[in-house]
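Reader: I would like a close look at one part of this protein. Please take me through its pockets.

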Amino acid sequence: MECDLMETDILESLEDLGYKGPLLEDGALSQAVSAGASSPEFTKLCAWLVSELRVLCKLEENVQATNSPSEAEEFQLEVSGLLGEMNCPYLSLTSGDVTKRLLIQKNCLLLLTYLISELEAARMLCVNAPPKKAQEGGGSEVFQELKGICIALGMSKPPANITMFQFFSGIEKKLKETLAKVPPNHVGKPLLKKPMGPAHWEKIEAINQAIANEYEVRRKLLIKRLDVTVQSFGWSDRAKSQTEKLAKVYQPKRSVLSPKTTISVAHLLAARQDLSKILRTSSGSIREKTACAINKVIRVPLIFSKCIYFCS
């Protein structure tokens with residue numbers, strides 16, 4: 001009876017939120033939550049709710065829909081990470097065996113109720129939030145970039161009635177004047193010389209986004225390894241008394257580590273030809289500057305282990 005009431009409330013809320021998926025059909029939601037994480041349709045609904053939440057909230061964790069029941073465990077791990085980031089208050093969703101939590105019908109309904117309520121609250125906050133003024137806090141990101149260009153080139157503040165064509169023509173003129181005062185190869189030749197059209201830039205942006213997504217996963221893995229390593233330092237009895245001191249030193253440095261990349265298409269435009277020169281890190285000229293005493297310390301055990309292997 002309780003589950004039936006929860007299903008009814010969920011269906012009504014999904015319609016209000018603009019969900020148009022197949023689970024609005026009669027009996028479809030009940031069948032999906034009964035299978036839980038093993039149901040691709042249930043995971044698709046969760047993924048849709050999370051994607052809508054990520055538009056309004058700054059969430060690092062994400063949830064991907066599955067294609068088969070064999071991916072249920074991976075899905076539940078992603079949900080566990082998301083709920084941890086959102087500080088979910090329901091113990092049945094955050095404790096116990098992580099690979100079995102969403103195989104229970106009531107837990108699945110509770111998860112949907114929680115995600116729906118969070119999405120509804122986020123949308124209400126977005127609607128009720130006062131509109132931001134264009135120049136509030138120094139202006140938009142584009143305004144800040146243009147302002148930075150003017151400051152770097154030593155340009156005065158442009159008049160209010162200037163057109164964008166006049167503004168960028170002034171920047172081009174100032175750039176040519178500045179480049180004329182430096183040696184010929186001071187800036188270097190651009191790495192990208194071929195003129196690009198809208199279709200090319202669209203493809204370049206897509207490639208950059210794909211690479212950014214890949215490196216975001218790698219950075220998350222490295223940051224997680226760092227967290228676990230630092231956490232292991234506090235396992236000894238001696239270190240337990242220094243937990244606060246360790247956190248005071250570590251947390252400020254950890255907070256600035258973001259999994260998001262800052263590389264954009266603008267970096268491609270700014271790249272010079274010297275960026276395409278690839279030097280082997282093991283080459284003699286490079287090793288002269290990177291060699292240090294620790295290399296010898298590492299090599300001694302390695303040589304010793306090889307000697308033992310061949311002697312045995």
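Reader: What volume does the second largest pocket have?

Author: The second largest pocket has a volume of about 330 Å³. This is a predicted model, where local features need pLDDT of at least 70, side-chain atom pairs count only at pLDDT 80 or more, and totals for chains, interfaces and linings use all residues. Residues are numbered from 1 along each chain as its sequence is written, and side-chain values use heavy atoms, with hydrogens and water left out.

A pocket here is an open set of points on a 1 Å grid over the protein atoms alone, where a 1.4 Å probe fits, with protein on both sides within 12 Å along at least five of seven lines. Lining residues have an atom within 4 Å of a point. Points are joined across faces, edges and corners, and the volume is the space filled by probe spheres set on them.

In the second largest pocket, 14 residues form the lining. Nearest its centre lie Phe143, Cys150, Lys157, Pro158 and Phe167. Helices α7 (141-153) and α8 (164-179) each supply at least two lining residues; helices are DSSP runs (H or I, at least four residues), numbered from the N terminus. The largest share, 5 residues, comes from α7. By class, the lining has 11 nonpolar, 1 polar and 2 charged residues. Ala, Val, Leu, Ile, Met, Phe, Trp, Tyr, Cys and Pro count as nonpolar; Asp, Glu, Lys and Arg as charged; the others, Gly among them, as polar.

For context, the largest pocket holds about 840 Å³. Its lining has 6 nonpolar, 5 polar and 11 charged residues.
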